[in-house]
Amino acid sequence: QSPEAARLSAEDISPSSNGPRDDDPDDPDDLFAEATEEVSLDSPERQPILSDGPSPAITPVTISPRVDVFDRSPDLVKHRLSSCDGMNAYMVYKVMTKTSLSIFSRDEVCVKRRFSDFLGLHSKLASKYMHMGYIVPPAPEKSIVGMTKVKVGKEDLSSVEFVEKRRSALERYLLRTVKHPALLKDPDVLQFLESSELPRAVSTQALSGAGILRMVNKAADAVNKMTIKMNESDAWFEEKQQQFENLDVQLRKLHASVESLVYHRKELSVNTASFAKSAAMLGNSEDHTALSRALSQLAEVEEKIDQLHQDQSYADFYLISELLGDYVRLITAVKGVFDQRMKAWAKWQDAQVMLQRKREAEAKLQYASKPDKLQQATDEIREWEGKVQQGERDFEQISKNIRREVGRFEKDRVKDFRVVIMKYLESLVHTQQQLIKYWEAFLPEAKAIA
Amino acid sequence: MMQEGLDDGPDFLSEEDRGPRAVNVDLQTDATLQVDISDALSERDKVKFTVHTKSTLPNFKQNEFSVVRQHEEFIWLHDSFVENEEYAGYIIPPAPPRPDFDASREKLQKLGEGEGSMTKEEFTKMKQELEAEYLAIFKKTVAMHEVFLCRVAAHPVLRKDLNFHVFLEYNQDLSVRGKNKKEKLEDFFKNVVKSADGVLVAGVKDVDDFFEHEKTFLLEYHNRVKEASAKSDRKIRSHKNAADDINRIASTLYTLGTQDSTDLCKFFLKVSELFEKTRKIEARVAADEDLKLADLLKYYLRESQAAKDLLYRRGRALVDYENANKALDKARAKNKDVLQAETTQQVCCQKFEKISESAKQELIDFKTRRVAAFRKNLVELAELELKHAKGNLQLLQSCLGVLKGDT
């Protein structure tokens, strides 16, 4: 019985999410502007995802990769895990993608990937897109302890849970990645999902999700070392940065409380089971027949309740705790993107400073009558004028991208939290309904004690 | 600290707990002697109980009167029953446990120290909860002291005890100090000897089937109740911890709700409100389980020990009787000190028979009380669990309805 993982697939369709678009319809680069829209099945104005002449028949399922643990099937991994010493074994995940998009060669494809492959994908995407202001979803964290237990062949509950936790995290990572319109058409993503062989990701030590963000966020250090503080002419950016800062603090706090709840709920389940046993023993030793039976019934009720607590704790974890963990990491990526903008601004400023210097140098050479050097200086001025223009263009482009990205991000955030929290509330409803059932069955037993 | 009349103050316990607090004992109260604790005062390191008596018995000077007693005086009274040979054949009502506010006080202190690290709302909320917890412990200790007195008052023989009347009526301090180190050590050794004896006595198979059965039953039952009591305490603690987590989650959701720039702000505020309410219900569930189940088990742990003590005393008397028999036989064989041996044997025989007779009735009453108390508490537990689950369900469903409607 596997716990229900949060499926954040792009196939969730709700008519309510047609809101005002943040993306720019005039932007020719953004072919996938419409791909971010969830449109109701009944809506007549649905656009083809990729129109190139006559549009193909539309189905609402654009793409839904699923990640499964591969060791269910007998070959490869089982062999690896049992033969050589544990530490060299590795877990393989089966990635199954169903899609109707024509950029894919088949509409159903299944590949095997290792954890390091996912990290490799993320590092490529981060290095390609973060400096342009795209929010690249972070990959799941490495966990040496958890994985070691699995490799050493520990069959206990905690390693089973670990594998499931990781599988679920990898699936969410992929779903978020393909939901991003630019990333979806990236060749590395396509290759990851489709090709049967993937070049091994190099030196995964450095490629943990956090490691990548740290590398890319060296921009943050650069920003701190900037002698000229950025003149924020755009209040939107200042406001947004502050909001994300606040959100970060609160989400981390919430995450910590939820993790505590998961732990205590598990503890409650264990203690309830333990109490149930002791109640059964007490019932056995009670010499009044009716009371003895009632106590046994109580023990049974408590045993069922223990299972309820356990299930609820799974829901606490897989629905809420993991969502919060994902968003804490996502917001780090968002902050990284803002830092990239500052880096771009710094680069532009530096170019302007350099241009100024070159102009001054040229002016000096005017009076030195060295025609070769003068020509060189003039050339350099032209070069740096170009760089200044490029710097300004880059800065404006990244600013525009960030505005659009943040709009998309916020829309997704609203939907994610709404969907997940509602699901969670429904799990709580179910728990209470079961409790009522159990106690209603017990009450007449208690009353029957004569 | 807190000066509290028991019937005012926040209603932390369920409504069913007002009124006669002898929830675990189901006693018949009669008009000739009614005892209750009408008030209690918690001071720095002691609790002062106002013991209120209403009686038509001629032994007392007035028909209604009150005195103030502390925990040590209850213990003095209990110990005087235990040491009284006349009462060897009765189950001595177990002494109430010492009032223990240490844990609660520590938490309040920690809260005070951590005041700077949390928001004003969080601080006020936690303070209210800790105060409610303090109040609950307070109410419990009062109930346990009251149950002890009620059991004594309901017992046909013990209610006539002179020490008991002094306890109820004498309006000065009884000057019973707590045991000093020497006395505590003496007690310790007495208990060690008793346990060794207990094993000895338990080993002797009883001719009487009733007592043999009771012995086997009580030994096992006592251990099982101990287990169940410990496990239920742990379970309830986990439950309280989970409720505390939900409290923190509700607070953080509230902050998120006030800060968020998207539509989520209203969403978070509503969910925060929901969790505030469900958390209160969860806390009540834990409290009710504590009251109806944990306290019940704790009480019967003490009562089953008292019943075991009775069996031990009877067993001791039986051994004495058998030894006296042997001594008499020896004396007759040697024809020396026969009269003395006969007298001793008579005394032992009478003592043993007296204890056996009253012990039988006591053990039967014990069973009756036990079954009634468990029935009452299990029924009330189930009813409360249902009430709370239904309340929770209603809150959750109505919130879900509102949230779905908003989208």
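Trainee: What makes residues 1-62 of chain A a stretch to read with caution in this predicted model?

Mentor: Over residues 1-62 of chain A the pLDDT stays under 50, on a scale of the predictor's confidence that runs from 0 to 100, although the model still has 82 contacts beyond four places in sequence for this stretch. Residues 70-85 of chain A are also below 50 in pLDDT, and there the model has 18 contacts beyond near neighbours in sequence.

Trainee: How do you know where in chain A confidence is lowest and where it is highest?

Mentor: The mean pLDDT of the elements shows it: helix H1 (residues 76-82) of chain A has the lowest, at 34, and H9(A) the highest, at 94. For chain A as a whole the average is 76, with 70% of the residues scoring at least 70.

Trainee: Why is Asn335(B) called exposed?

Mentor: The relative accessibility of Asn335(B) is 64% and exposed means over 50%, so Asn335(B) counts as exposed. Asn335(B) lies in the loop between H7 and H8 of chain B, and it has a positive phi of about 55° although it is not a glycine. Asp337(B) has its place in the loop between H7 and H8 of chain B as well, with a positive phi near 55° in a residue other than glycine.

Trainee: What makes a set of residues a nonpolar core, and how many residues has the largest one here?

Mentor: The members must be buried residues of the nonpolar kinds, joined through side-chain atoms within 4.5 Å, and the largest such set has 149 residues. Among those with the most contacts inside this core are Leu251(A), Phe417(A), Phe275(B) and Leu378(B), while helix H10 (residues 289-366) of chain A gives the most to it, with 30 residues. In soluble globular proteins, nonpolar side chains tend to be buried together.

Trainee: Which residues does Phe417(A) touch?

Mentor: Not counting residues up to four places away in sequence, Phe417(A) touches Leu251(A), Leu323(A), Leu324(A) and Tyr327(A), and from chain B also Leu264(B), Phe267(B) and Phe268(B). A second, separate core has 29 residues, including Phe49(B), Phe138(B), Leu158(B) and Phe164(B).

Trainee: What makes the space of about 1600 Å³ a pocket instead?

Mentor: A pocket is an open set of points with protein on both sides along at least five of seven lines, and the largest pocket has a volume of about 1600 Å³. Of the 48 residues that line it, Lys107(B), Glu133(B), Ile137(B), Lys240(B) and Asp290(B) lie nearest its centre. H3(B) gives the most to this lining, with 13 residues, and the classes come to 20 nonpolar, 5 polar and 23 charged residues.

Conventions:
Residues are numbered from 1 along each chain as its sequence is written. Chains are lettered from A and ligands numbered from 1 in the order in which they are written. This is a predicted model: local features need pLDDT of at least 70, side-chain atom pairs count only at pLDDT 80 or more; totals for chains, interfaces and linings use all residues. Side-chain values use heavy atoms; hydrogens and water are left out. Buried means under 20% relative accessible area, exposed over 50%, partly exposed in between (1.4 Å probe, protein chains only). Helices (H or I, at least four residues) and strands (E, at least two) are DSSP runs, numbered from the N terminus. Contact means heavy atoms within 4.5 Å. On a 1 Å grid over the protein atoms alone, a cavity is a set of points where a 1.4 Å probe fits but cannot get out, and a pocket is an open set with protein on both sides within 12 Å along at least five of seven lines; lining residues have an atom within 4 Å of a point. Grid points are joined across faces, edges and corners, and a volume is the space filled by probe spheres set on the points. Ala, Val, Leu, Ile, Met, Phe, Trp, Tyr, Cys and Pro count as nonpolar, Asp, Glu, Lys and Arg as charged, and the others, Gly among them, as polar.
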